[in-house]
Amino acid sequence: MADTTDRPSLSRNEGIKEASRGLRGGIAEGLNDVITGQLAEDDTQLTKFHGIYQQDDRDIRAERGRKKMEKAFSFMARVRVPGGQMTPAQWLALDDIAEERANGTLRITTRQAIQFHGIIKSNLRPAINSINTALLDTLAACGDVNRNVMCAVNPYQSAIHAAALKLSQDISDHLTPKTSAYHEIWVDGEKVAGADEVVEEPIYGRTYLPRKFKITVAVPPQNDVDVYAHDLSFVAVLDNGVIKGWDVLVGGGMGMTHGEPDTFPRTADHLGFCTTEQAVEVAEKVVIVQRDNGNRSVRKHARLKYTIETMGLDLFRSEVERHLGYSLGAAHVPVFAGRGDRYGWTEGDDGRWHVTLFIESGRVKDWPEKRLQTGMREIARMLEGSEGVIILSPNQNLMVANISTAQKPAVEALLAEHGMATSADSGLRRNAMACVALPTCGLALAESERYMPELLTALEGALDAAGLRQDEIVIRMTGCPNGCARPYLAEIAFVGRGPGTYNLYLGGSFAGERLNKLYRPDIGHDAILGALGPLFREYAEAREEEESFGDFVIRAGHIKPTTAGNTFHADITS
Ligand code: SRM
Ligand code: SF4
């Protein structure tokens with residue numbers, strides 16, 4: 001018998017995956033149990049692979065606890081939208097689902113997907129079924145698999161952007177799990193009883209990946225997809241305006257845990273270069289090397305970034321090349337200019353029009369002063385059946401693209417009628433992102449989406465005092481250190497510590513190549529303004545030409561630069 005004494009034990013999730021019969025578990029049976037609004041605990045781990053999270057309304061959790069009531073359970077469903085592209089008809093279908101089955105709003109995520117919140121158990125199967133009827137799905141939107149593949153936002157901008165979208169969709173198709181459980185449970189409900197056919201996963205195997213996996217495709221000089229934050233990125237390399245191939249970056253990631261310095265955000269490394277024909281295969285082999293070498297004992301250390309820290313980049317590369325059977329080319333280092341969306345109207349070379357709308361924190365709903373949801377519904381109805389496309393941006397905004405000159409005035413009229421903004425009135429707000437956090441996120445320590453607009457208004461006052469209202473500064477907030485709005489790559493970031501308190505990080509680079517560093521721990525609203533007001537004034541007075549805020553705070557000695565993920569927690573001066 002083999003000696004297993006010094007082999008680390010597998011994490012609980014590995015056992016759940018192994019025993020799941022191809023991600024089925026007891027999900028189907030749990031959905032039919034009307035006594036409770038929740039699913040069995042192990043099944044809530046499996047539903048993630050189906051794009052579904054069990055949550056409860058944290059605003060009323062304590063009150064229900066006092067009344068000895070079950071938590072107010074509901075589900076979040078994440079729709080996978082590779083490259084963020086959908087037709088107006090699909091938008092309308094999702095809008096209907098939000099109204100009929102969820103909390104009435106749509107949430108654009110930081111990865112170009114759509115989330116529904118507040119779906120009660122009895123609505124879950126009908127909601128997922130309707131998403132599939134609209135030719136979209138939630139499969140692999142979460143879970144230990146490749147997630148929604150992100151892509152540079154506008155494929156109509158150039159042939160290069162169109163090729164980037166094609167690559168992102170090809171990778172997405174190739175890495176989508178093959179399990180038939182998803183369709184059995186959510187789409188062909190009647191087959192569920194006794195269905196046991198377990199499809200062999202050719203890439204993932206029986207226990208899938210050690211942890212989630214995230215891929216982007218970028219076209220410089222825009223880094224809108226934040227390539228350095230991802231497990232794997234492909235960055236277009238151009239030669240005389242045509243694509244020569246793709247730089248391959250690996251091992252980026254954001255998540256960490258407060259107080260555990262062996263967890264840290266990390267910027268991706270440059271692995272090499274491949275051709276367009278090789279790119280899907282390269283993605284597969286990177287996934288396979290992570291599948292076989294990722295840490296399956298400690299989930300906090302299971303992401304690719306830690307695999308690369310442990311193996312070293314050279315060994316990791318040689319493993320990828322061994323699986324490929326050829327060597328990757330030499331990497332070029334891309335030069336990025338920024339990450340923000342190109343707000344407002346732009347005209348393509350072909351005379352078609354595209355408009356990017358500002359959607360604060362990605363929440364599409366009707367506010368008193370701006371009726372975003374109704375306006376988008378009207379625009380989608382108007383464009384339905386035409387070549388118009390709706391695109392979700394990696395910055396939680398919306399683009400309505402491929403509009404003809406004849407359609408443009410009608411879109412403009414609908415935008416005006418519904419008070420929909422094509423930009424925000426400060427450079428800070430234009431470059432802001434906030435994660436969902438409370439009341440739905442079970443991991444939130446502090447508010448984010450609900451607090452960020454108020455904080456931005458207060459900071460705009462400080463910017464006005466310094467004459468900086470229109471300066472572009474990247475600012476991000478998350479309700480906990482998991483990093484869902486990619487905060488550690490912002491010039492200014494807030495990460496929740498507890499109710500009303502945040503860690504303030506400074507010094508990320510404008511285009512997203514450099515991590516920031518902790519500047520002030522555990523501060524609330526007034527202390528945030530007290531910390532940033534003087535820095536804004538100093539920046540206005542002492543910055544060099546074209547110097548970004550993130551670069552300035554380092555040059556002026558307020559914060560040390562973070563040069564690698566594993567030094568993120570070092571050199572903290574405050
Ligand atoms: Fe995230 C977990 C929301 C992008 C890192 N994320 C969660 C959960 C599902 C909480 C949970 O596990 O119970 C959040 C649900 C909140 C809610 O109520 O909706 C959540 N993450 C989000 C979204 C919706 C934030 C947003 O405001 O848009 C984003 C959905 C993206 C999508 O469409 O797929 C989202 N999450 C990210 C990103 C950014 C990215 O991928 O570009 C990150 C950092 C990048 C990375 O993965 O390293 C991110 N989320 C995490 C982590 C930490 C992972 C880690 O390696 O440590 C968790 C916690 C976990 O996995 O255990 C998490
Ligand atoms: Fe929730 Fe934390 Fe992600 Fe925000 S960063 S959505 S609080 S897990």
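**Contacts and backbone geometry in a predicted model**

Asn431 touches Gly340, Glu472, Ile473, Val474 and Ile475, with residues up to four places away in sequence left out of the list. The model is predicted.

Student: Is Asn431 buried or exposed, and what is its relative accessible area?
Tutor: Asn431 is found in the loop between α14 and β16. The cut-off for a buried residue is under 20% relative accessible area. Asn431 is therefore classed as buried, its relative accessible area being 10%.

Student: Which residues come nearest to ligand 1?
Tutor: There are 30 residues around ligand 1. By class, this shell holds ten nonpolar, twelve polar and eight charged residues. Those that come nearest are Thr109, Gln115, Thr440, Cys484 and Arg486.

Student: Which elements give two or more residues to the shell around ligand 1?
Tutor: Oxygen atoms of ligand 1 lie 2.6 Å from an N or O atom in the side chain of Thr109 and 2.7 Å from a polar side-chain atom of His117. A polar backbone atom of Met254 is also 2.7 Å from an oxygen atom of ligand 1. The elements that supply two or more residues to the shell are β1 (52–56), β2 (73–79) and β5 (114–119).

Student: How many residues apart are Arg107 and Glu449, which form a salt bridge?
Tutor: The closest N and O atoms of Arg107 and Glu449 are 2.8 Å apart. Both Arg107 and Glu449 are buried. Arg107 is in strand β4 (residues 106–108), while Glu449 is in the loop between β16 (432–434) and α15 (452–466), and the pair links parts of the chain that are 342 residues apart.

Student: What separation along the helix do Lys166 and Asp170 have?
Tutor: The side chains of Lys166 and Asp170 meet in a salt bridge, at 2.6 Å from N to O. Asp170 counts as partly exposed, at 29% relative accessibility. Because Lys166 and Asp170 are four residues apart in helix α7 (residues 159–175), their separation is about one helical turn.

Student: What is the relative accessible area of Arg469?
Tutor: Arg469 meets Asp425 in a salt bridge of 3.3 Å, N to O. This pair is 44 residues apart, with Asp425 in the loop between α13 (408–417) and α14 (427–430) and Arg469 in the loop between α15 and β17 (475–478). Asp425 is partly exposed at 49%. Arg469 is likewise partly exposed, with a relative accessible area of 24%.

Student: Where does Pro439 lie?
Tutor: The peptide bond from Leu438 to Pro439 is cis, with omega near 10°. Pro439 lies in the loop between β16 and α15.

Student: What is the relative accessible area of Asn402?
Tutor: Asn402 is not a glycine, yet its phi is positive, at about 60°. Asn402 is placed in strand β15 (residues 398–403). This residue is buried, with a relative accessible area of 8%.

Methods. Residues are numbered from 1 along each chain as its sequence is written. Chains are lettered from A and ligands numbered from 1 in the order in which they are written. This is a predicted model: local features need pLDDT of at least 70, side-chain atom pairs count only at pLDDT 80 or more; totals for chains, interfaces and linings use all residues. Side-chain values use heavy atoms; hydrogens and water are left out. A residue is near a molecule or strand if one of its heavy atoms lies within 4 Å of it. A polar contact is a pair of N or O atoms within 3.5 Å; within protein, one must be able to donate a hydrogen and the other to accept it, and residues adjacent in sequence count only if both atoms are side-chain atoms. Ala, Val, Leu, Ile, Met, Phe, Trp, Tyr, Cys and Pro count as nonpolar, Asp, Glu, Lys and Arg as charged, and the others, Gly among them, as polar. A salt bridge is a side-chain nitrogen of Lys or Arg within 4 Å of a carboxyl oxygen of Asp or Glu. Buried means under 20% relative accessible area, exposed over 50%, partly exposed in between (1.4 Å probe, protein chains only). Contact means heavy atoms within 4.5 Å.
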